[in-house]
Amino acid sequence: MHYEVIIVGGSYAGLSAGLALGRARKRTLIIDAGQRRNRFAHEAHGFLGQDGRAPEAIAAAGRAEVAAYPTITFLDGTAVSAAQDKEGFVVGMEGGATHTAARLILATGVTDDLPDLPGLREGWGKGVLHCPYCHGYEVAGRRLGVLALVPFATHQANMIPDWGPTTFLTNGVISLAANERAALERRGVVIEETPVAAVLNAGAGLAGVRLTDGRTIALDALFTGVSTRLTSPLAAQLGCAIDDTLGGPIIRVEAMGQTTVPGIYAAGDAAQMMKVIPSAVAGGYMVGAVAHQSLIPSMH
Ligand SMILES: Cc1cc2nc3c(=O)[nH]c(=O)nc-3n(C[C@H](O)[C@H](O)[C@H](O)COP(=O)(O)OP(=O)(O)OC[C@H]3O[C@@H](n4cnc5c(N)ncnc54)[C@H](O)[C@@H]3O)c2cc1C
């Protein structure tokens, strides 16, 4: 079947785009592989009206709302290829099926690149936290660590004291200049330069970290920024420009979510530096509306 719009990615950004398109009565296919970035966390915070709700509950409620619009079709699976054709775009699925549409929305998210540090993966989204706005309030006042895995860790180490007493584990990744060290010390940050050998989890929480010299440091939560990569190669396959940012690559979009390839829009983590649910929902709704208007011949 030929659709007016195909949305690849059916999480917060893709569902929000689908909501705009369903309300505009556009024949829309939403393809989703079901690998939401925050699937490791038990609670999601900072999304107005949903603060503290389980991430999967927010996504499931969104999907049910969008599914109620009769022009929306859901397809669970992974899109593995995309190309332009004379009708617009053809999207190929794992397994060989293809689907075509006049417009394409990429809401495919990013994947966190976790290094092979013992205990890190197990604690991810539980005692190991990526973002203080998402999870800081819940551990406020406790013993907090910041683990350097990427060069921008010093930025996080400067922020975390607003949530609690902070130990900065520079982990052989950061070598602090005298002025950076002084600034951290003014914030009360304890600096530990011995690399971390393992993250010590305790059930759904954290016990601390073990250092390479055998010492352990007791901590109640560990913040760490990691680099991300685009989950899907579709934007690159289609020739969309991709920009490098401190946090990883993102699809280049102009203010209304149009990529550098006409007819292709992008939203959510894959297209923005502020990678949180409210931004994904806002961006998705915007590109849904913009894609709809682009289908009206007299409007472009
Ligand atoms: C541990 C953790 C906790 C977090 N907690 C919070 C929080 O409390 N509050 C907050 O605001 N943000 C939080 N975030 C950030 C939040 O998860 C993201 O901002 C949000 O998920 C982005 O939504 P999205 O729709 O852009 O991408 P995602 O939610 O990652 O969804 C992308 C979807 O696209 C699908 N997909 C990708 N490629 C394909 C393909 N080729 N074919 C078909 N489907 C595809 C994926 O399977 C996935 O379902 C957290 C992140 C992490 C890692």
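Modeller: Let us begin with Glu 4, which counts as buried because its relative accessibility is 17%, where buried means under 20% relative accessible area, exposed means over 50%, and partly exposed lies in between, all with a 1.4 Å probe and protein chains only. This is a predicted model, in which local features need pLDDT of at least 70 and side-chain atom pairs count only at pLDDT 80 or more, while totals for chains, interfaces and linings use all residues. Residues are numbered from 1 along each chain as its sequence is written, and side-chain values use heavy atoms, with hydrogens and water left out.

Glu 4 belongs to strand E1, residues 2–8; strands (E, at least two residues) and helices (H or I, at least four) are DSSP runs numbered from the N terminus. Its side chain reaches the backbone nitrogen of Arg 27 at 2.7 Å, a polar contact being a pair of N or O atoms within 3.5 Å, of which, within protein, one must be able to donate a hydrogen and the other to accept it, with residues adjacent in sequence counted only if both atoms are side-chain atoms. Leaving aside residues up to four places away in sequence, Glu 4 touches Arg 25, Lys 26, Arg 27, Ala 101, Ala 102, Arg 103 and Leu 295, where contact means heavy atoms within 4.5 Å.

Turning to the helices, the axes of H1 (residues 12–23) and H8 (residues 277–294) come within 7 Å and cross at roughly 35 degrees; such axes are lines fitted to C-alpha atoms, for helices over the stretch in contact, and angles run from 0 to 180 degrees between N-to-C directions. The contact residues divide into twelve nonpolar, four polar and one charged, with Ala, Val, Leu, Ile, Met, Phe, Trp, Tyr, Cys and Pro counted as nonpolar, Asp, Glu, Lys and Arg as charged, and the others, Gly among them, as polar.

Finally, Gln 272 lies in the loop between strand E19 (264–266) and H8, and is buried, with a relative accessible area of 16%. A polar atom of the Gln 272 side chain lies 3.2 Å from the backbone oxygen of Met 274.
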